[in-house]
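Hello,

Here is the structure we talked about. Please open it beside this note and follow along.

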Amino acid sequence: MKEFPFSDSDFKAISDKVYKACGIVLGPHKREMVYSRLARRIRANNLDSFSAYLDYLDDHLDEEFSAFINAITTNLTSFFRENHHFEFLKDDLIPLLLKRNQQSKRVRIWSAGCSTGEEPYSIAMTICEQFPKTWDVKILATDLDSNVLERACRGEYSATNVTGLSDVQLKKFFLKSPDGSLFKVKSEIQKMVHFKRLNLLENWPMKGPFDVIFCRNVLIYFDKETKDQLFEGYYSLLADHGHLLIGHSESMGKEHTEYKSLGKTMYRKASYASI
Ligand SMILES: C[S@@+](CC[C@H](N)C(=O)[O-])C[C@H]1O[C@@H](n2cnc3c(N)ncnc32)[C@H](O)[C@@H]1O
């Protein structure tokens with residue numbers, strides 16, 4: 001017997017709200033996940049059922065809606081996740097950008113769906129020291145979930161969060177707390193990353209152009225229509241030589257001939273290949 005009544009129509013109402021607000025598709029297999037994540041919100045608000053929570057949500061949109069969405073998002077991430085993308089950045093993209101952007105001396109990278117910050121900080125760790133000091137190099141990191149962004153801005157990670165990093169990387173990029181339990185990203189790395197809240201389904205205030213866009217393990221939650229819309233949006237914000245990197249289980253339909261696949265979920269503007 002479950003703690004809170006949860007009917008099919010409650011699940012449908014929740015799925016519809018989530019899809020409308022942020023494009024995340026909650027199929028029937030996500031029902032248990034939705035139950036356990038929202039049960040916490042029901043308890044926090046002293047309610048006794050999902051239908052009472054839905055009424056509460058409608059009446060308290062300002063206070064509850066972001067907590068509702070934050071509870072639904074999946075924020076799993078890690079430093080240098082899918083490391084081949086960081087190798088590609090270091091070995092191929094940095095040399096390309098040093099040449100292509102010689103005039104502007106400007107480099108812009110966007111981590112779209114950055115979660116708790118491990119992805120944009122890994123980008124910063126990869127590119128720091130690679131461009132002359134006179135260059136203007138910035139990483140924009142955005143997410144819909146205000147809780148993860150708050151943690152990302154703090155840049156503090158537990159020892160478990162940094163297990164994949166070498167001692168050299170830890171020493172170079174982090175300050176360790178005296179008891180060894182916390183690792184804080186050094187300020188020179190933090191300064192390269194600018195965190196902003198952005199729902200990918202809403203208007204994008206940025207003008208670009210971006211040299212590289214990372215949108216990894218985010219598209220997986222969306223349907224084809226939303227993905228296609230995002231691929232088009234990214235295309236219009238990418239520089240002529242721009243690259244788009246997506247997650248290992250994500251793919252772009254063959255109809256997106258505006259992009260050329262480079263393998264391993266890496267894409268660049270097709271027009272660039274013929275320049
Ligand atoms: C699994 S994490 C991926 C983190 C990182 N990119 C990585 O690959 O490790 C997915 C992130 O996408 C964010 N997200 C989901 N829907 C979004 C939307 N509509 N707009 C912006 N971010 C969204 C979630 O909040 C979550 O932090």
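Which side chain makes a polar contact with the side chain of Ser 49? It is that of Ser 51, at 3.4 Å. A polar contact here is a pair of N or O atoms within 3.5 Å; within protein, one must be able to donate a hydrogen and the other to accept it, and residues adjacent in sequence count only if both atoms are side-chain atoms. Ser 49 sits in the loop between α2 (31-44) and α3 (50-59). Helices (H or I, at least four residues) and strands (E, at least two) are DSSP runs, numbered from the N terminus. Ser 49 is buried, at 10% relative accessible area. Buried means under 20% relative accessible area, exposed over 50%, partly exposed in between (1.4 Å probe, protein chains only).

Some ground rules. This is a predicted model: local features need pLDDT of at least 70, side-chain atom pairs count only at pLDDT 80 or more, and totals for chains, interfaces and linings use all residues. Residues are numbered from 1 along each chain as its sequence is written, and side-chain values use heavy atoms, with hydrogens and water left out.

Now the ligand. A polar side-chain atom of Asp 143 is 2.6 Å from a ligand oxygen. A side-chain N or O atom of Glu 119 lies 3.0 Å from a ligand nitrogen. For Asn 199, the side-chain N or O atom is 3.0 Å from a nitrogen atom of the ligand. Taken alone, the ligand exposes 600 Å², and the protein buries 99% of that (Shrake-Rupley method, 1.4 Å probe).

Next, the rings. There are 21 aromatic pairs in the structure. Rings of Phe, Tyr and Trp (its six-membered ring) pair if their centres lie within 6.5 Å; planes under 30 degrees apart count as stacked, over 60 as edge-to-face and the rest as tilted. Phe 80 and Phe 86 have ring centres 5.2 Å apart and planes at 70°, so they are edge-to-face. Phe 80 is buried at 15% relative accessibility, and Phe 86 is buried at 2%. Tyr 235 and Tyr 259 are also edge-to-face, because their planes stand at 80° with centres 5.6 Å apart. Tyr 235 belongs to helix α10 (residues 224-237) and Tyr 259 to strand β9 (residues 259-261), so this pair ties together parts that are 24 residues apart in sequence. Lys 269 lies over the face of Tyr 235, 4.3 Å from the ring centre. That call needs NZ of Lys or CZ of Arg within 6 Å of the ring centre and within 35 degrees of the ring normal.

Last, the backbone. Most residues other than glycine have a negative phi, and most peptide bonds are trans. The bond from Gly 208 to Pro 209 is cis, with omega near -5°. Ser 115 has a positive phi, near 50°. Asn 217 has a positive phi too, of about 60°.

Best wishes
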